[in-house]
Amino acid sequence: MTLSARVPGGVERNSIHESGHVVAARALGIEVSDVRISETGGLTNLPGLMADPVREVAVRAAGEVAEVLAFGSPHADAASSREDRAFAYQAAFEATRDAGDAIRLEHDSRAFVRELLSDRWVDVEHVALALL
């Protein structure tokens, strides 16, 4: 049984979320220095992430996108997903300096990262299992 086929919740959901960040970051050439998960959340340390706002938007979106791919939706109460969305929009705005363009960039980044993670789903599952 794959991790995403299990009942979603707690540490398993958080491992999928953080593994989305990890796989997207690695695919985009961004260093991953540390990943931590618990029942209540997770943290992926990505030194240098903010050096490129366009890549940052994609990597920030990747956690929630991984949850959607695995479970059909992001966790309803996940503060980390709301924080990721806020930082992704902030990075998109920094990259574009226009609210409309920032929204389009964030939307396009989600579509890009959905395809990226779909193509690398085996890697997402492997990373998630290693985090448990």
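Modeller: Helices are DSSP runs of H or I with at least four residues, strands are runs of E with at least two, and both are numbered from the N terminus. This is a predicted model, in which local features need pLDDT of at least 70 and side-chain atom pairs count only at pLDDT 80 or more, while totals for chains, interfaces and linings use all residues. Residues are numbered from 1 along each chain as its sequence is written, and side-chain values use heavy atoms, with hydrogens and water left out.

Colleague: What volume does the largest pocket have?

Modeller: A pocket is an open set of points on a 1 Å grid over the protein atoms alone, where a 1.4 Å probe fits and protein lies on both sides within 12 Å along at least five of seven lines. Grid points are joined across faces, edges and corners, and the volume is the space filled by probe spheres set on them. For the largest pocket, this comes to about 320 Å³.

Colleague: Of the residues that line the largest pocket, which are the closest to its centre?

Modeller: A lining residue has an atom within 4 Å of a point. There are 17 of them, and the closest to the centre are Leu 43, Thr 44, Leu 46, Arg 60 and Asp 84.

Colleague: Which elements each supply at least two residues of that lining?

Modeller: By type, the lining residues (nonpolar: Ala, Val, Leu, Ile, Met, Phe, Trp, Tyr, Cys and Pro; charged: Asp, Glu, Lys and Arg; polar: the others, Gly among them) divide into six nonpolar, seven polar and four charged. By element, at least two residues each come from helix H1 (10-27), strand S2 (41-45), helix H2 (53-71) and helix H3 (79-96).

Colleague: Is Glu 56 buried or exposed?

Modeller: The side chain of Glu 56 forms a salt bridge with that of Arg 60 (2.9 Å, N to O); the term needs a side-chain nitrogen of Lys or Arg within 4 Å of a carboxyl oxygen of Asp or Glu. The two lie in helix H2, four residues apart, about one turn of the helix. Relative accessible area decides the class: under 20% is buried, over 50% exposed, and in between partly exposed (1.4 Å probe, protein chains only). Arg 60 is at 16% and so counts as buried; Glu 56, at 4%, is likewise buried.

Colleague: Which residues do salt bridges that share partners join into one network?

Modeller: The structure holds eight salt bridges. One of them pairs Arg 110 with Glu 106 (2.7 Å, N to O), and because these two are four residues apart in helix H4, about one helical turn separates them. Both are buried. Shared partners extend the network to Glu 64, Arg 85, Glu 106 and Arg 110.

Colleague: Which residues is Val 59 in contact with, leaving aside neighbours within four places in sequence?

Modeller: Contact means heavy atoms within 4.5 Å. On that basis, the partners of Val 59 are His 21, Ala 24, Ala 25, Leu 28, Ile 30, Leu 46 and Leu 49.

Colleague: Which residues does Ser 109 touch, not counting those up to four places away in sequence?

Modeller: Ser 109 lies in helix H4 (residues 99-119). Its relative accessible area is 6%, so it is buried. With the sequence neighbours left out, Ser 109 touches Val 54, Val 57 and Ala 58.

Colleague: Is Gly 29 buried or exposed?

Modeller: Gly 29 sits in the loop between H1 and strand S1 (34-38). The relative accessible area of Gly 29 is 61%, so it is exposed.
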